[in-house]
Amino acid sequence: MKIERFDNDEVLASTLATRLIDAIFLNPRLVLGLPTGRTPVALYRELRWHSQRGHADWSQVRTFNLDEFVGLGAGDPGSYRSYMQAALFDHVRMTPEQIGMLDGRAPNLAAECARYERAIAQAGGIDLQILGIGANGHIGFNEPGDTLEAETHVAELRAETRRANAGWFGGDTTRVPSHALSMGLATILRAREIVLMATGAGKQDAVAGLVNGQLTPRLPASFLQLHPRVTAMLDRGAAQRLA
Ligand code: PGA
C-alpha cells in the first residue's frame, strides 16, 4: 500500500482533485467509485472549482456511489443522493444515465443490489474507487463484525456509525436510518485502483489497522491490503500512529 501524508486536509483534497481531473483527461470514459461523508466534502468543493473553470469534461464519465441509506432517496435531505447532487452532480455536465446510485427506496432491496452489481459490470468495472474510512474501520457500510459480505447488500449500521452520521440528520441519531445498501468487499476490491482518504486524529486507529494490522472482519478496511494498487492519503492526525 502506498502511503501519502499531507500537512492538512485541504492540501490532501486539492491534490486528489487534481489527480482526478488528470485521470478524466487521460480517460474521458473513466468509471469512478465515489464516497460520501465529511472527509470528501473538500474534495468535491475542489472538483466543482475545477469543473466550473472547464478543467474537466464529465460528459462521458460514469460514477458509482458506494452506498445509500435504506428508505431514503432523491428529495430526502439526508440521502446520499441529495448529498451527491449538491456536492457534484448538479454542478457538472452529466446526464442521469452516467450516475450510478443505489436506490434506498427500491421495493425489492435484494433486486436493487443485484441490479447495481450488473450495472457496474456492464460499465466495464470501476477504474478508480475513492474511499473514506470509518473510525471503526468500515469502508462503504461494511461494518466490523464476525463476517463480511462480498457483494452489494443490505447492511445494518452499528450504533457508532449512526452517531457519526447524525450531523446529516439535525444531530439526532434516532433519525439516522438503521440500514443501508452498500457495495461489498469484493465489489470494492474489484476496482482497478483504490484511493482511500483519511483525515483527523479520530481515524488514527483505523488507519493503523488498515496499513499494518492483520486481515480481520473486525476492521473491514484491513482487506484493502489484498489489493495491488491502493493509495492511502492521510493528514497528520490520521497518520500519527504510523512510523
Ligand atoms: P466520514 O465517514 O468521512 O464522515 O468520517 C467516512 C466513512 O464512514 O467512510
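Rings of Phe, Tyr and Trp pair if their centres lie within 6.5 Å. In this predicted model, the structure holds eight aromatic pairs.

Q: Why is the pair of Phe69 and Tyr80 called tilted?
A: Planes under 30 degrees apart count as stacked, over 60 as edge-to-face and the rest as tilted. The planes of Phe69 and Tyr80 are at 40°, so the pair is tilted. Their ring centres are 4.7 Å apart, and the limit for a pair is 6.5 Å.

Q: Which parts of the chain does the pair of Phe69 and Tyr80 link?
A: Phe69 belongs to strand 4 (residues 67-69) and Tyr80 to helix 3 (residues 80-87). The two residues are 11 residues apart, and the pair links distant parts of the chain.

Q: Which residues are around the ligand?
A: They are Gly37, Arg38, Thr39, Gly132, Ile133, Gly134, His138 and Lys203.

Q: What makes the shell around the ligand one nonpolar, five polar and two charged?
A: Ile counts as nonpolar, Lys and Arg count as charged, and Gly is among the polar residues. The shell divides accordingly.

Q: What polar side-chain atom lies 2.5 Å from an oxygen atom of the ligand?
A: One belongs to His138. An N or O atom in the side chain of Thr39 is also 2.5 Å from a ligand oxygen, and a polar backbone atom of Arg38 is 2.8 Å from one. A polar contact requires N or O atoms within 3.5 Å, so these pairs qualify. The protein covers 84% of the 280 Å² of accessible area that the ligand has on its own.

Note on methods. Residues numbered from 1 in each chain as written. Predicted model: local features only at pLDDT ≥ 70, side-chain atom pairs only at ≥ 80, totals over all residues. Heavy atoms only, no water. Near = heavy atom within 4 Å. Polar contact = N/O pair within 3.5 Å; in protein donor to acceptor, adjacent residues only side chain to side chain. Areas by Shrake-Rupley, 256 points an atom, 1.4 Å probe, with all protein chains shown as cover. Phe/Tyr/Trp six-rings, centres within 6.5 Å; stacked < 30°, edge-to-face > 60°. Helix = DSSP H or I, 4+ residues; strand = E, 2+ residues; numbered from the N terminus.
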